Amino acid sequence: MTNENGTPGPPLTSPSIVLLTLARRVEVELNAALASLDLTVGRLGLLGHIAGVPGASFSDLARMSGITVQSVHTAVKGLAAAGLVRDNTARAGAASAIEITPDGARLLEAAKHAVTSVDNLLFGPDADPIQQQIAAAVAEIIA
């Protein structure tokens, strides 16, 4: 975008672009904070869904996570191999019985601290005022 005199002006803004840009920054910061825990944002989300929705099916977990059922099966196998969840499904085709293990619960607790540090960095008192306003608006919506 250029001004009448031909000099560059400010870029066009839209809520979609602002939120997309901020979401990408949040994801990068969260993945960096979670790396020492051997977690990603996706694995954390799936682990949180398993902990928060006992008895959720693989289909339920896929819907909540925005991934395919096949991807959930693969991810749950990885979480189980790491000792973070137990898949007590008796047989193929049976209702799932996935539950978080004590190690998984401890990891979730550690991840909460990582998330809090990112929240403080991006939305706390020293953050960009616009990001603080976005955080306040989100807090009001989810309250």
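Let's say that two residues are in contact when heavy atoms of theirs lie within 4.5 Å. This is a predicted model, so local features need pLDDT of at least 70 and side-chain atom pairs count only at pLDDT 80 or more, while totals for chains, interfaces and linings use all residues. Residues are numbered from 1 along each chain as its sequence is written, and side-chain values use heavy atoms, leaving out hydrogens and water.

Start with Thr 101, which sits in the loop between strand E2 (98-100) and helix H5. Helices (H or I, at least four residues) and strands (E, at least two) are DSSP runs, numbered from the N terminus. Setting aside neighbours within four places in sequence, Thr 101 is in contact with Gly 83, Leu 84, Val 85 and Arg 86. Its side chain also reaches the backbone oxygen of Gly 83 at 2.5 Å. Is Thr 101 buried or exposed? It counts as buried because its relative accessible area is 7%; buried means under 20%, exposed over 50%, and partly exposed in between (1.4 Å probe, protein chains only).

H4 has 13 residues and spans 18 Å from its first C-alpha to its last, close to the 18 Å expected at 1.5 Å a residue (the expected span is 1.5 Å times one less than the number of residues). Within H4, Val 72, Val 76 and Leu 79 are buried. They cover an arc of only 60° around the axis, so they end up on the same side of H4; the arc is that of the directions from the helix axis to the C-beta atoms. As a rule, an α-helix has 3.6 residues a turn, so residues three or four places apart point the same way. Over on the other side of H4, Gln 70, Thr 74, Lys 77 and Ala 81 are exposed. And what covers the buried residues? The cover includes H2, H3, strand E1 (85-87) and E2.

Now for the largest nonpolar core, which has 20 residues. Such a core is a set of buried Ala, Val, Leu, Ile, Met, Phe, Trp, Tyr and Cys residues joined through side-chain atoms within 4.5 Å. Those with the most contacts inside it are Leu 47, Ile 50, Leu 61, Val 76, Leu 79, Val 85 and Ile 98. Helices H2 (41-52), H3 (58-65), H4 (69-81) and H5 (102-123) each supply at least two of its residues. A second, separate core of 5 residues includes Leu 22, Val 26, Leu 30 and Leu 122.

How values were computed. Polar contact = N/O pair within 3.5 Å; in protein donor to acceptor, adjacent residues only side chain to side chain.
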